[in-house]
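Here is a short briefing on one protein chain. Keep the sequence and the 3D view open as you read.

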Amino acid sequence: MTTTYDCTSDDQRALGLEHAQRAISEKKCVVLPTDTVYGIAADAFSPHAVTMLLVSKGRSRTMPPPVLIPRLNALDGLATDVSADARKLAEAFWPGGLTLILHAQPSLDWDLGETRGTVALRMPADEVAQDLLTLTGPLAVSSANRTGQAPAQTAAEARTQLADSVEVYLEGGVRPLNSAEAVPSTIVDATGPLLRVVRNGAVTLAQLREHVPGVLGLGEVPMAEEPAAEEEPAKEEPLAGEEVPTAIAAPEVPAMEKTPEAKPEADKTQAVPADSVPVDAAPVDAAGPEQGTTQPAVAERAAGPRESDAG
């Protein structure tokens with residue numbers, strides 16, 4: 001039976017958290033507030049529960065949900081090869097509106113969908129969400145709405161869309177706090193040598209660069225270094241983390257033999273404008289709104305398409 005609890009009341013909040021914990025253990029879905037929007041949550045380590053979450057939203061396995069965690073130290077338990085720069089961003093913006101796409105620990109027994117060996121993690125800055133995560137551990141969480149519909153900013157809005165597919169609704173008031181509009185988390189792909197923003201959101205690029213100056217903005221590609229003027233141009237190699245070089249070397253054209261006037265050697269490199277370099281595009285869903293938008297394909301390559309994340 002579906003039940004809504006008013007978490008602005010201490011008594012209702014205690015009852016709601018107890019019921020939500022029990023529902024999660026029974027592989028059912030719950031709706032909870034986060035610091036971005038409301039999310040629909042399920043046991044991240046239960047393939048059946050994750051499937052129920054995706055079915056409730058009308059979403060396929062190609063859009064795996066992100067995972068919300070209760071503490072920063074859970075990062076290393078769920079992800080591997082966490083770079084120093086990724087760790088700096090987690091320490092600076094968790095809890096808060098930042099989602100990091102990382103390589104998942106290969107030993108974990110979970111199935112979030114077609115993640116291609118990655119996981120999107122976030123630690124939400126919301127007391128109700130934190131209380132539930134402390135009781136349950138990591139949760140797969142997606143924005144609490146049907147796919148293609150507006151993300152819910154209250155539990156009541158979520159219930160109009162998800163109805164009886166959810167066991168427990170935890171009502172905590174409008175989210176995000178002090179904002180009339182739903183703002184998703186910022187998603188950063190941290191699976192490669194260069195950190196890349198793949199969805200703009202609550203944390204701005206300028207804020208990210210205060211801690212990691214080399215973070216690439218949405219759709220940006222790294223600049224190729226130009227050869228020194230006194231040196232003969234050489235074939236350029238892609239920069240670290242860059243799939244397509246910003247300059248493509250042309251074959252050397254030798255002077256024609258037995259001709260008094262040799263044809264001048266062709267310019268060896270032909271610049272390719274950065275905006276002509278294809279950048280894949282593919283946002284985590286959980287309680288950071290999933291607005292039916294897609295993340296840039298950098299994230300899709302890394303973790304498959306992800307919706308807006310609940311937090």
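This is a predicted model: local features need pLDDT of at least 70, side-chain atom pairs count only at pLDDT 80 or more; totals for chains, interfaces and linings use all residues.

- D126 caps the N-terminal end of α5. One of its side-chain oxygens lies 3.0 Å from the backbone nitrogen of V128.
- An α-helix has 3.6 residues a turn, so residues three or four places apart point the same way.

**Nonpolar cores**

- The largest nonpolar core holds 47 residues. The members that touch the most other members are V31, V67, L89, W94, L98, L121 and L208.
- Elements giving two or more residues to this core include the helices α2 (47-57), α3 (75-78), α4 (84-93) and α6 (155-162).
- A second, separate core has 18 residues, among them A20, A23, L139 and V141.
- Leaving out residues up to four places away in sequence, L208 touches L89, F93, L98, T186, V188, V197, V203 and V215.
- In soluble globular proteins, nonpolar side chains tend to be buried together.

**An exposed loop residue**

- S107 sits in the loop between β6 and β7.
- Is S107 buried or exposed? S107 counts as exposed because its relative accessibility is 65%, and the cut-off for exposed is over 50%.
- S107 and G77 are 30 residues apart in sequence. Their C-alpha atoms are 10.0 Å apart in space.

**Cysteines**

- How many disulfides does the chain have? The count is zero.
- C7 is buried because its relative accessible area is 5%, and buried means under 20%.
- C29 counts as buried as well, at 3% relative accessibility.

**Chain totals**

- The chain has 311 residues, and 50% of them count as buried.
- Eight helices and 13 strands make up its list of secondary structure elements.
- The chain exposes about 14300 Å². Carbon and sulfur atoms supply 52% of that area.

How values were computed
Residues are numbered from 1 along each chain as its sequence is written. Side-chain values use heavy atoms; hydrogens and water are left out. A polar contact is a pair of N or O atoms within 3.5 Å; within protein, one must be able to donate a hydrogen and the other to accept it, and residues adjacent in sequence count only if both atoms are side-chain atoms. Helices (H or I, at least four residues) and strands (E, at least two) are DSSP runs, numbered from the N terminus. A nonpolar core is a set of buried Ala, Val, Leu, Ile, Met, Phe, Trp, Tyr and Cys residues joined through side-chain atoms within 4.5 Å. Buried means under 20% relative accessible area, exposed over 50%, partly exposed in between (1.4 Å probe, protein chains only). Contact means heavy atoms within 4.5 Å. Accessible areas come from the Shrake-Rupley method with a 1.4 Å probe; for residues, only the protein chains shown count as cover. A disulfide is a pair of cysteine sulfur atoms within 2.5 Å.
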